[in-house]
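Please walk through this model with attention to its charged pairs, its aromatic rings and its nonpolar cores.

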Amino acid sequence: MKKTLLATAVLLASSVSQAEWTSPDESLTIGGDAEINFDVVKNHKGAGETGPDQTNTQTQLNDDSRIKMMVMWSTTCSTGNFLMAKIEPLIRTDADVRVDDAYFMFGAEGAWEFQIGRYEAMNLFPLGKDVVLNYANGSDGLGKGIYYYMAKEGRGRADQAGQARIAAKADNWSAEISTIYGNTANVLMSTQEYIDESLSNDDDTFLKSTNNSFMIRPAINFMSETGGLSLSFGGEFEVNDDSVTLTATNETLNLSDRYGLAATATFMSDSMVWNTSVAYQHAKHYMKAYTVNTNITLGAFGIGASYANNDFFNKQTDKEKAKANSYAVYTAYTLPIFDFDEATVTFALSYSDTKNGFGIKDNNEETTAFRIRFNYYF
(Lines give C-alpha, C1' and ligand atoms only; values in the text may rest on other atoms or scores of the structure.)
Protein backbone atom coordinates (compact mmCIF):
# COMPACT_ATOMS: atom_id res chain seq x y z
CA MET A 1 0.00 0.00 0.00
CA LYS A 2 1.32 3.44 -0.87
CA LYS A 3 2.20 5.77 1.98
CA THR A 4 -0.52 8.32 2.70
CA LEU A 5 -0.62 11.45 4.79
CA LEU A 6 -2.20 9.47 7.60
CA ALA A 7 0.92 7.36 8.00
CA THR A 8 3.27 10.33 8.20
CA ALA A 9 1.22 12.83 10.18
CA VAL A 10 0.01 10.62 12.97
CA LEU A 11 3.56 9.79 14.11
CA LEU A 12 3.65 6.39 15.73
CA ALA A 13 -0.06 6.64 16.55
CA SER A 14 -0.84 3.13 15.35
CA SER A 15 1.04 -0.11 15.08
CA VAL A 16 1.42 -2.06 11.84
CA SER A 17 1.14 -5.82 11.82
CA GLN A 18 4.44 -7.46 10.94
CA ALA A 19 2.98 -10.28 8.88
CA GLU A 20 0.08 -8.65 7.07
CA TRP A 21 -0.75 -9.72 3.51
CA THR A 22 -1.17 -7.23 0.66
CA SER A 23 -2.66 -8.12 -2.71
CA PRO A 24 -0.47 -7.76 -5.82
CA ASP A 25 -2.26 -4.57 -6.89
CA GLU A 26 -1.89 -3.16 -3.32
CA SER A 27 -5.62 -2.53 -3.06
CA LEU A 28 -6.32 -4.99 -0.23
CA THR A 29 -4.42 -5.61 2.99
CA ILE A 30 -5.36 -8.28 5.54
CA GLY A 31 -3.70 -8.94 8.86
CA GLY A 32 -4.14 -8.96 12.59
CA ASP A 33 -2.56 -9.95 15.84
CA ALA A 34 -3.22 -11.94 18.99
CA GLU A 35 -2.36 -10.27 22.29
CA ILE A 36 -2.47 -12.46 25.39
CA ASN A 37 -1.86 -10.78 28.75
CA PHE A 38 -1.28 -12.13 32.23
CA ASP A 39 -1.31 -9.44 34.95
CA VAL A 40 -0.53 -9.30 38.64
CA VAL A 41 -1.75 -6.05 40.25
CA LYS A 42 -1.12 -5.12 43.88
CA ASN A 43 -2.99 -2.11 45.23
CA HIS A 44 -2.50 -0.53 48.65
CA LYS A 45 -4.88 2.12 49.98
CA GLY A 46 -3.85 4.38 52.84
CA ALA A 47 -5.85 6.86 54.87
CA GLY A 48 -8.92 8.40 53.30
CA GLU A 49 -12.44 9.49 54.16
CA THR A 50 -12.75 6.53 56.54
CA GLY A 51 -9.88 7.72 58.74
CA PRO A 52 -6.10 7.40 59.01
CA ASP A 53 -6.21 3.94 60.59
CA GLN A 54 -8.09 2.31 57.72
CA THR A 55 -5.76 0.60 55.24
CA ASN A 56 -6.42 -2.04 52.63
CA THR A 57 -4.15 -4.09 50.37
CA GLN A 58 -5.43 -6.25 47.52
CA THR A 59 -3.62 -8.42 44.97
CA GLN A 60 -5.35 -9.46 41.76
CA LEU A 61 -4.65 -11.71 38.81
CA ASN A 62 -6.09 -10.19 35.63
CA ASP A 63 -6.42 -11.00 31.94
CA ASP A 64 -7.52 -8.50 29.26
CA SER A 65 -6.36 -10.48 26.24
CA ARG A 66 -7.78 -10.03 22.74
CA ILE A 67 -7.44 -11.01 19.09
CA LYS A 68 -7.70 -8.28 16.46
CA MET A 69 -8.35 -8.66 12.75
CA MET A 70 -7.60 -5.95 10.18
CA VAL A 71 -8.96 -5.47 6.66
CA MET A 72 -8.07 -2.38 4.64
CA TRP A 73 -9.10 -1.41 1.11
CA SER A 74 -7.45 1.37 -0.89
CA THR A 75 -7.64 2.70 -4.42
CA THR A 76 -5.32 5.33 -5.92
CA CYS A 77 -5.72 6.87 -9.35
CA SER A 78 -3.03 8.32 -11.62
CA THR A 79 -3.66 11.84 -10.30
CA GLY A 80 -2.75 10.78 -6.76
CA ASN A 81 -6.29 10.94 -5.42
CA PHE A 82 -7.19 7.99 -3.22
CA LEU A 83 -10.01 6.24 -1.39
CA MET A 84 -9.48 4.08 1.69
CA ALA A 85 -11.59 2.11 4.15
CA LYS A 86 -10.47 0.13 7.18
CA ILE A 87 -12.12 -2.14 9.74
CA GLU A 88 -10.53 -3.77 12.79
CA PRO A 89 -12.85 -6.16 14.67
CA LEU A 90 -11.54 -7.00 18.13
CA ILE A 91 -12.56 -10.10 20.10
CA ARG A 92 -11.64 -10.21 23.78
CA THR A 93 -11.09 -13.40 25.72
CA ASP A 94 -13.90 -12.36 28.09
CA ALA A 95 -16.24 -12.88 25.08
CA ASP A 96 -16.72 -9.13 24.54
CA VAL A 97 -16.63 -8.05 20.87
CA ARG A 98 -15.47 -4.53 20.00
CA VAL A 99 -13.93 -2.53 17.16
CA ASP A 100 -10.67 -0.57 17.09
CA ASP A 101 -10.58 1.35 13.80
CA ALA A 102 -13.55 1.58 11.43
CA TYR A 103 -13.37 4.50 9.01
CA PHE A 104 -13.63 5.81 5.45
CA MET A 105 -11.05 8.24 4.10
CA PHE A 106 -10.31 10.04 0.82
CA GLY A 107 -7.92 12.74 -0.37
CA ALA A 108 -4.81 13.51 -2.41
CA GLU A 109 -1.59 11.67 -1.54
CA GLY A 110 0.95 13.84 0.24
CA ALA A 111 -1.40 16.84 0.28
CA TRP A 112 -4.69 16.44 2.17
CA GLU A 113 -7.23 13.89 3.42
CA PHE A 114 -10.66 13.67 5.01
CA GLN A 115 -11.51 10.89 7.44
CA ILE A 116 -14.76 9.91 9.12
CA GLY A 117 -15.67 7.00 11.39
CA ARG A 118 -13.71 5.55 14.30
CA TYR A 119 -9.96 6.22 14.43
CA GLU A 120 -7.16 7.88 16.43
CA ALA A 121 -5.91 11.34 15.51
CA MET A 122 -2.38 12.70 16.01
CA ASN A 123 -0.67 11.48 19.17
CA LEU A 124 0.24 14.53 21.26
CA PHE A 125 1.43 12.57 24.30
CA PRO A 126 3.27 9.35 23.27
CA LEU A 127 4.15 7.04 26.17
CA GLY A 128 6.62 4.78 24.36
CA LYS A 129 6.72 1.20 25.54
CA ASP A 130 3.83 1.42 28.02
CA VAL A 131 3.01 -2.29 27.97
CA VAL A 132 1.72 -1.99 31.52
CA LEU A 133 1.02 1.36 33.20
CA ASN A 134 -1.43 1.33 36.12
CA TYR A 135 -2.10 4.63 37.89
CA ALA A 136 -2.69 4.50 41.67
CA ASN A 137 -6.19 5.82 42.48
CA GLY A 138 -6.35 7.29 38.99
CA SER A 139 -6.25 6.80 35.25
CA ASP A 140 -5.80 8.49 31.89
CA GLY A 141 -9.51 9.36 32.01
CA LEU A 142 -11.33 12.05 33.98
CA GLY A 143 -13.39 11.17 37.06
CA LYS A 144 -10.76 9.24 39.02
CA GLY A 145 -8.74 10.20 42.09
CA ILE A 146 -5.91 11.55 39.95
CA TYR A 147 -6.20 12.41 36.25
CA TYR A 148 -3.14 11.92 34.04
CA TYR A 149 -4.30 14.34 31.36
CA MET A 150 -2.68 13.69 27.95
CA ALA A 151 -4.78 15.70 25.45
CA LYS A 152 -6.45 12.49 24.29
CA GLU A 153 -10.10 13.19 25.15
CA GLY A 154 -10.72 14.24 21.55
CA ARG A 155 -8.14 11.96 19.93
CA GLY A 156 -10.50 9.20 18.92
CA ARG A 157 -11.97 5.70 19.23
CA ALA A 158 -14.84 7.39 20.95
CA ASP A 159 -17.25 4.47 21.45
CA GLN A 160 -20.74 5.98 21.13
CA ALA A 161 -19.59 9.31 19.68
CA GLY A 162 -18.95 10.12 16.03
CA GLN A 163 -15.65 11.38 14.64
CA ALA A 164 -14.47 13.38 11.61
CA ARG A 165 -11.06 14.77 10.68
CA ILE A 166 -9.37 16.81 7.97
CA ALA A 167 -5.59 16.94 7.56
CA ALA A 168 -3.03 18.56 5.28
CA LYS A 169 0.70 18.31 4.64
CA ALA A 170 3.24 20.76 3.20
CA ASP A 171 6.99 20.13 3.17
CA ASN A 172 7.97 19.18 6.75
CA TRP A 173 4.70 20.28 8.31
CA SER A 174 1.51 18.30 8.99
CA ALA A 175 -1.66 19.77 10.43
CA GLU A 176 -5.11 18.44 11.23
CA ILE A 177 -8.42 19.32 12.85
CA SER A 178 -10.27 16.38 14.38
CA THR A 179 -13.71 16.42 15.97
CA ILE A 180 -15.78 14.21 18.26
CA TYR A 181 -19.54 14.69 18.56
CA GLY A 182 -22.49 13.06 20.30
CA ASN A 183 -22.20 11.03 23.49
CA THR A 184 -18.70 11.68 24.84
CA ALA A 185 -19.09 10.29 28.38
CA ASN A 186 -16.96 7.26 27.53
CA VAL A 187 -14.28 9.54 26.07
CA LEU A 188 -13.55 10.87 29.54
CA MET A 189 -13.59 7.58 31.41
CA SER A 190 -10.53 5.48 32.15
CA THR A 191 -9.12 3.13 29.54
CA GLN A 192 -7.30 1.06 32.20
CA GLU A 193 -10.01 -1.60 32.06
CA TYR A 194 -7.94 -4.49 33.39
CA ILE A 195 -8.09 -3.10 36.97
CA ASP A 196 -11.15 -4.27 38.88
CA GLU A 197 -13.40 -1.32 39.66
CA SER A 198 -13.51 -2.49 43.27
CA LEU A 199 -9.98 -1.17 43.64
CA SER A 200 -11.08 2.36 42.75
CA ASN A 201 -12.10 5.07 45.21
CA ASP A 202 -14.96 6.29 43.06
CA ASP A 203 -18.04 4.20 43.80
CA ASP A 204 -20.21 7.33 43.60
CA THR A 205 -18.50 8.79 40.54
CA PHE A 206 -20.07 8.72 37.08
CA LEU A 207 -20.13 10.74 33.90
CA LYS A 208 -23.23 11.59 31.84
CA SER A 209 -23.53 13.02 28.34
CA THR A 210 -26.63 14.67 26.84
CA ASN A 211 -25.55 13.38 23.41
CA ASN A 212 -24.92 16.85 21.98
CA SER A 213 -21.27 17.21 22.89
CA PHE A 214 -18.94 18.64 20.24
CA MET A 215 -15.17 18.65 20.75
CA ILE A 216 -12.59 20.21 18.41
CA ARG A 217 -8.96 19.06 18.46
CA PRO A 218 -6.44 20.92 16.24
CA ALA A 219 -2.85 19.62 16.07
CA ILE A 220 0.33 20.39 14.15
CA ASN A 221 3.58 18.50 13.65
CA PHE A 222 7.02 19.41 12.33
CA MET A 223 9.40 16.69 11.14
CA SER A 224 13.03 17.55 10.38
CA GLU A 225 14.57 16.72 7.00
CA THR A 226 16.60 13.86 8.50
CA GLY A 227 13.65 12.47 10.46
CA GLY A 228 15.59 12.73 13.71
CA LEU A 229 13.47 15.44 15.30
CA SER A 230 9.71 15.77 15.59
CA LEU A 231 7.79 18.55 17.34
CA SER A 232 4.04 18.37 17.94
CA PHE A 233 1.61 20.82 19.50
CA GLY A 234 -2.15 20.85 19.83
CA GLY A 235 -5.20 21.37 21.97
CA GLU A 236 -8.80 20.33 22.46
CA PHE A 237 -11.90 22.03 23.77
CA GLU A 238 -15.61 21.44 24.24
CA VAL A 239 -17.94 23.71 22.24
CA ASN A 240 -21.40 23.01 23.70
CA ASP A 241 -22.45 24.06 27.21
CA ASP A 242 -24.02 21.56 29.63
CA SER A 243 -23.21 18.59 27.38
CA VAL A 244 -21.26 16.51 29.93
CA THR A 245 -21.63 16.35 33.71
CA LEU A 246 -19.63 14.58 36.41
CA THR A 247 -21.07 13.37 39.69
CA ALA A 248 -18.29 12.79 42.20
CA THR A 249 -18.23 12.76 45.99
CA ASN A 250 -21.84 13.96 46.11
CA GLU A 251 -21.20 16.91 43.76
CA THR A 252 -22.61 17.29 40.24
CA LEU A 253 -20.37 19.43 38.07
CA ASN A 254 -20.60 20.79 34.53
CA LEU A 255 -17.55 19.66 32.54
CA SER A 256 -18.43 21.35 29.27
CA ASP A 257 -16.37 24.44 30.04
CA ARG A 258 -12.92 22.88 29.66
CA TYR A 259 -9.92 22.98 27.36
CA GLY A 260 -6.51 21.32 27.17
CA LEU A 261 -3.11 21.84 25.55
CA ALA A 262 -0.16 19.53 24.91
CA ALA A 263 3.30 19.58 23.32
CA THR A 264 5.79 16.81 22.52
CA ALA A 265 9.41 16.67 21.36
CA THR A 266 10.64 13.39 19.88
CA PHE A 267 14.25 12.52 19.06
CA MET A 268 14.82 9.48 16.82
CA SER A 269 17.82 7.46 15.65
CA ASP A 270 18.21 4.03 14.09
CA SER A 271 17.52 2.20 17.36
CA MET A 272 16.28 4.87 19.80
CA VAL A 273 13.11 6.93 20.24
CA TRP A 274 12.98 9.53 23.05
CA ASN A 275 9.71 11.33 23.78
CA THR A 276 9.16 14.19 26.22
CA SER A 277 5.65 15.59 26.63
CA VAL A 278 3.76 18.14 28.70
CA ALA A 279 -0.01 18.67 28.95
CA TYR A 280 -2.39 21.00 30.79
CA GLN A 281 -6.15 21.02 31.17
CA HIS A 282 -8.47 23.55 32.79
CA ALA A 283 -11.96 22.31 33.63
CA LYS A 284 -13.47 25.49 35.04
CA HIS A 285 -15.95 23.86 37.43
CA TYR A 286 -13.84 20.90 38.54
CA MET A 287 -10.04 21.00 38.35
CA LYS A 288 -6.77 21.95 36.74
CA ALA A 289 -4.57 19.07 35.60
CA TYR A 290 -0.87 19.07 34.75
CA THR A 291 1.02 16.07 33.36
CA VAL A 292 4.60 15.54 32.20
CA ASN A 293 6.19 12.37 30.78
CA THR A 294 9.51 11.30 29.36
CA ASN A 295 10.25 7.87 27.91
CA ILE A 296 12.94 6.12 25.89
CA THR A 297 12.60 3.06 23.67
CA LEU A 298 15.95 1.48 22.83
CA GLY A 299 15.46 -1.53 20.62
CA ALA A 300 13.55 -4.13 22.62
CA PHE A 301 13.85 -2.18 25.88
CA GLY A 302 11.70 0.70 27.08
CA ILE A 303 11.50 2.86 30.19
CA GLY A 304 9.40 5.88 31.13
CA ALA A 305 8.15 8.09 33.93
CA SER A 306 5.11 10.34 34.39
CA TYR A 307 4.12 12.97 36.94
CA ALA A 308 0.63 14.42 37.40
CA ASN A 309 -0.76 17.21 39.56
CA ASN A 310 -4.47 17.98 39.99
CA ASP A 311 -5.88 21.10 41.63
CA PHE A 312 -9.47 20.23 42.56
CA PHE A 313 -12.05 22.94 43.21
CA ASN A 314 -14.71 22.70 45.89
CA LYS A 315 -17.67 24.69 44.56
CA GLN A 316 -19.67 24.16 47.73
CA THR A 317 -17.24 26.25 49.79
CA ASP A 318 -15.46 28.15 47.00
CA LYS A 319 -12.18 26.88 48.41
CA GLU A 320 -9.61 24.63 46.83
CA LYS A 321 -9.36 21.07 48.02
CA ALA A 322 -6.00 19.47 48.78
CA LYS A 323 -3.74 19.23 45.73
CA ALA A 324 -3.52 15.69 44.38
CA ASN A 325 -0.22 14.55 42.93
CA SER A 326 1.05 11.30 41.55
CA TYR A 327 3.94 9.69 39.75
CA ALA A 328 4.33 6.49 37.76
CA VAL A 329 7.40 4.67 36.43
CA TYR A 330 7.28 1.80 33.95
CA THR A 331 9.57 -0.45 31.96
CA ALA A 332 9.29 -3.31 29.47
CA TYR A 333 11.53 -5.70 27.56
CA THR A 334 10.55 -7.77 24.51
CA LEU A 335 12.03 -11.07 23.31
CA PRO A 336 11.26 -13.15 20.20
CA ILE A 337 9.64 -16.53 20.69
CA PHE A 338 12.06 -19.07 19.26
CA ASP A 339 13.29 -17.58 15.96
CA PHE A 340 9.92 -16.27 14.76
CA ASP A 341 9.82 -12.59 13.85
CA GLU A 342 6.01 -12.62 14.12
CA ALA A 343 5.88 -13.81 17.75
CA THR A 344 7.17 -12.06 20.87
CA VAL A 345 6.92 -12.16 24.64
CA THR A 346 7.20 -8.97 26.70
CA PHE A 347 7.88 -8.60 30.41
CA ALA A 348 6.64 -5.31 31.86
CA LEU A 349 6.49 -3.64 35.27
CA SER A 350 4.99 -0.38 36.58
CA TYR A 351 4.74 1.38 39.94
CA SER A 352 2.58 4.37 40.84
CA ASP A 353 2.08 6.43 44.00
CA THR A 354 -0.75 8.96 44.49
CA LYS A 355 -1.29 11.44 47.32
CA ASN A 356 -4.60 13.17 48.21
CA GLY A 357 -6.76 11.43 45.59
CA PHE A 358 -9.92 13.41 44.66
CA GLY A 359 -8.41 16.30 46.63
CA ILE A 360 -9.08 14.49 49.92
CA LYS A 361 -6.18 14.99 52.30
CA ASP A 362 -4.20 11.80 53.05
CA ASN A 363 -6.27 9.75 50.60
CA ASN A 364 -3.16 7.95 49.39
CA GLU A 365 -2.66 4.88 47.25
CA GLU A 366 0.11 2.77 45.73
CA THR A 367 -0.20 0.37 42.79
CA THR A 368 2.35 -2.11 41.45
CA ALA A 369 1.63 -4.07 38.28
CA PHE A 370 3.49 -6.84 36.46
CA ARG A 371 2.51 -8.09 33.02
CA ILE A 372 3.60 -10.88 30.71
CA ARG A 373 2.34 -10.22 27.18
CA PHE A 374 2.44 -12.64 24.24
CA ASN A 375 2.00 -11.22 20.75
CA TYR A 376 1.55 -13.07 17.48
CA TYR A 377 1.20 -11.04 14.28
CA PHE A 378 -0.44 -12.62 11.25
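The structure holds 24 salt bridges, a salt bridge being a side-chain nitrogen of Lys or Arg within 4 Å of a carboxyl oxygen of Asp or Glu. This is a predicted model, in which local features need pLDDT of at least 70 and side-chain atom pairs count only at pLDDT 80 or more, while totals for chains, interfaces and linings use all residues. Residues are numbered from 1 along each chain as its sequence is written, and side-chain values use heavy atoms, with hydrogens and water left out.

One of these bridges joins Asp 101 to Lys 86, with the closest N and O atoms 3.7 Å apart. The pair links distant parts of the chain, 15 residues apart, with Asp 101 in strand β6 (residues 97-108) and Lys 86 in strand β5 (residues 81-92); strands (E, at least two residues) and helices (H or I, at least four) are DSSP runs numbered from the N terminus. Asp 101 counts as buried because its relative accessibility is 6%, and Lys 86 is buried at 13%, where buried means under 20% relative accessible area, exposed over 50% and partly exposed in between (1.4 Å probe, protein chains only).

Arg 157 and Glu 120 form another salt bridge, their closest N and O atoms being 3.6 Å apart. This pair spans 37 residues, from the loop between β9 and β10, which holds Arg 157, to the loop between β7 and β8, which holds Glu 120. Arg 157 is partly exposed, with a relative accessible area of 23%, and Glu 120 is partly exposed at 22%. Both of the bridges described here belong to a network of salt bridges that links Lys 68, Lys 86, Glu 88, Asp 100, Asp 101, Glu 120, Arg 155 and Arg 157.

Turning to the aromatic rings, a search of the whole structure finds 14 aromatic pairs, counted when the ring centres of Phe, Tyr or Trp (its six-membered ring) lie within 6.5 Å, with planes under 30 degrees apart called stacked, over 60 edge-to-face and the rest tilted. The rings of Tyr 135 and Tyr 148 are stacked because their centres are 4.0 Å apart and their planes stand at 25°. Tyr 135 and Tyr 148 are both buried.

The largest nonpolar core has 34 residues, and those with the most contacts inside it are Leu 142, Leu 207, Leu 255 and Tyr 286; such a core is a set of buried Ala, Val, Leu, Ile, Met, Phe, Trp, Tyr and Cys residues joined through side-chain atoms within 4.5 Å. Its largest share, three residues, comes from β22.
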